[in-house]
Amino acid sequence: MAKTAKSKWNGFSLKPRKDVPEGLWLRCPGCEQMVYKSSVEQNLNVCPRCDYHFRINAKTRIKYLADEDTFEEILPDLRSHDPLDFRYNDSEYKDRLKADEKKSGSAEAIKIGKAFIKGRQIVLAVMEPEFLMGSMGYVVGEKFTVAVELATSEALPFVAVCCSGGARMHEGVVSLGQMAKTSAVLARYDKAGGLYIPILTDPTTGGVTASFAMLGDCIIAEPGALIGFAGPRTIAETIKVELPDGFQTSEFLLEHGFIDMIIHRKDLRSEVARLIDYCKK
Amino acid sequence: MSNTKNNNTAAGDYLAFEGDVADIDRQINELTKLSSAKGIDYSAEIYALQKEQVAQLKQIYSNLSAWQTVQVARHPKRPLLDDYLNLMVNDFHELHGDRCFGNDRAMVAGLGSIGTEKVMIIGHRKGKSTKEKIACNFGCANPEGYRKAFAKMQFAAKYNIPIVTFIDTPGAHPGIEAEQRGQAQAIAVNLLEMSILPVPIICIVIGEGGSGGALGIGVGDRLAMLEFAYYSVISPEGCAAILWRDGSQAAQAADALKLTSKDLLKLGLIDSVIPEPLGGAHRNIHDTIDNVEKFAVRTLRELKRIGTENLLKMRYEKLRRLGEPIAVKLSRKTAPAKRRIKAAIETMGKKTKSSSAKTST
């Protein structure tokens, strides 16, 4: 049985973050304690004291989730074509894309491909938080759609690790359209009887939550992840009321009935495998 | 006509970039006052002024910047959903409630007919007076609004009634309760279900098309926009606050977001633009609504002729192609021709080979 992991992490804070010193030690945002960096890394990037789940990039996520060296990436080189020719504040979207590609090492904010989880074949999509905060533009929508189409045609389960700030405003209505596109392709996959398991990680907000993240057969979240539609800052500014403790965390969503379970990072593999076995026809 | 218009538009209703138009209106007003007080005939002067005003309006509205378009779309006198319901929809009966939590006043649903076509109307209600505006939450719907919209759409689908949605919202409501009741989930479900709903769906952006809140009732067979409406992934102010780190740069952000009907049509993201009368919809509500009605009737007839299976197939293909780069679009169009040419070349090669084989033997 999967245990519901409890975290002491209280949710998003509007207070300015304390600076994290570089080097061997880092400050855990959950318990505000200094923890040894390598002890966190050995613990699947989870704080050994308070179970705070650190954000991890797509490569690490695939390493933790899929069986070793089984991930075969599809369309790794699909890059954004900058549909709006977007410029802002003396900088260009194109330059930002290049800079983030260098920083994150992937060409866009999602990686898709076939993989195995504990020997069960799946189609896996993993979002990359280091690339423009995992935001969804044309390429993310397209790659997600291709992944679902692949899962449909090969009758495989589909697992998507969501980690995104929402729709990418640099691509305007094009990125808004991807919400409709990904939902439409999921409708087809659903009709074909496919199993779709979204895994929501910190953060999943905006257009991604309002489309494919919430459309799963069984929705899993990591403990303490920020999950919501409007960002906490937007809400605080709009309604001018202090946000309650733990607002928009995974626990909050579970409480209000929008996700199925909260699973600790170390149990994700076994839980996904178990679900796949249960849903086999 | 312009006289009645002058009476309608109070001094505060002019947008900042309409200074000259306001001046002319003031002059005309003074002249009419003078002529009635002193009995002098100024009709020739007034006529000349009116002519100049029309020229001015034409000039201003043919070169609106993106930010000016946003201001026109938010004009306080712009026709709202209720004007459409009054002037365009016959026999409208509103249906309430999402059967789950409550009745969201920011979202309207109901049965009526446009021309002779029976339809289900879904739309955002912004409200006219301050009291109404507060009751309708300024057109920002909560999750129960989206769930109501979906429930009524299902009802329409059961009895094969086409759906027309009127989009006019700054965005879905960002609030604590909205999050508690699953704003994101409500919108996501609408996106999924609208993509497979077996009746024609026409979506019309009549004012503001604000992000997910607009898309939540904006997936269908045709997406049209009024000429000076806008449709965007984020409000220009929000975009400026994030990317420019200064909310007052909204004009630049609006420009960069390509949120006008003209730009979106060029990018292939919307299907048609419904023209507005000279000087924007708020200057002539009747003509605006007439244009929308004509569009709706024409499109409804067109879509009703298509069988359900084809309709859904075409809708899916339309959604599947959203945002596709032009190069891919072209290659898809030219692919069959390329294949034909390739095949022709191959057969030619075979023929020559076989003929050469014959000659060698």
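**A sheet and its surroundings**

Guide: Let's start with a pair of facing residues: V123(A) stands opposite F158(A), which belongs to β8(A). Before we go on, note that this is a predicted model, where local features need pLDDT of at least 70 and side-chain atom pairs count only at pLDDT 80 or more, while totals for chains, interfaces and linings use all residues. As for the bookkeeping, residues are numbered from 1 along each chain as its sequence is written, chains are lettered from A and ligands numbered from 1 in the order in which they are written, and side-chain values use heavy atoms, leaving out hydrogens and water.

Back to our pair. Strand β7 of chain A (residues 120-127) and strand β8 of chain A (residues 158-164) run parallel, joined by 4 bridges. Strands here are DSSP runs of E, at least two residues long, and helices are runs of H or I, at least four residues long, both numbered from the N terminus. Two strands pair if DSSP finds at least two bridges between them. In general, strands of a sheet pair through backbone hydrogen bonds, either parallel or antiparallel.

Now step back to the whole sheet. This open sheet has 7 strands in the order β3-β6-β7-β8-β9-β10-β11 (chain A), with mixed pairing. At the edges are β3 (72-74) and β11 (261-262) of chain A, each pairing on one side only.

Strand β9 of chain A (residues 196-204) holds P203(A), and a cis peptide bond joins D202(A) to P203(A), with omega about -10 degrees. Away in the loop between α7 (232-239) and α8 (250-255) of chain A sits K240(A). Its phi is near 55 degrees, positive in a residue other than glycine. As a rule, most residues other than glycine have a negative phi, and most peptide bonds are trans.

E101(A) and R79(A) form one, their closest N and O atoms 2.6 Å apart. It links distant parts of the chain: E101(A) is in helix α3 (residues 93-104) of chain A, and R79(A), 22 residues apart from it, is in the loop between β3 and β4 (87-88) of chain A.

Where does all this sit? Chain A is split into domain 1 (19-54) and domain 2 (56-278), with bounds from an automatic or database domain assignment. Their C-alpha centres lie 24 Å apart. The contact (heavy atoms within 4.5 Å) takes 7 residues from domain 1 of chain A and 8 residues from domain 2 of chain A.

Finally, chain A has a neighbour. In contact with each other are 45 residues of chain B and 51 residues of chain A. The two chains bury about 4,100 Å² between them, 75% of it on carbon and sulfur atoms; buried area is the accessible area (1.4 Å probe) that two parts lose on being put together, summed over both. The rule finds 2 salt bridges across this interface. R320(B) and E142(A) meet in a salt bridge through their side chains, at 3.1 Å from N to O. On the side of chain B that touches chain A, α9(B) gives the most, with 8 residues.

Key:
Salt bridge = Lys/Arg side-chain N within 4 Å of Asp/Glu carboxyl O.
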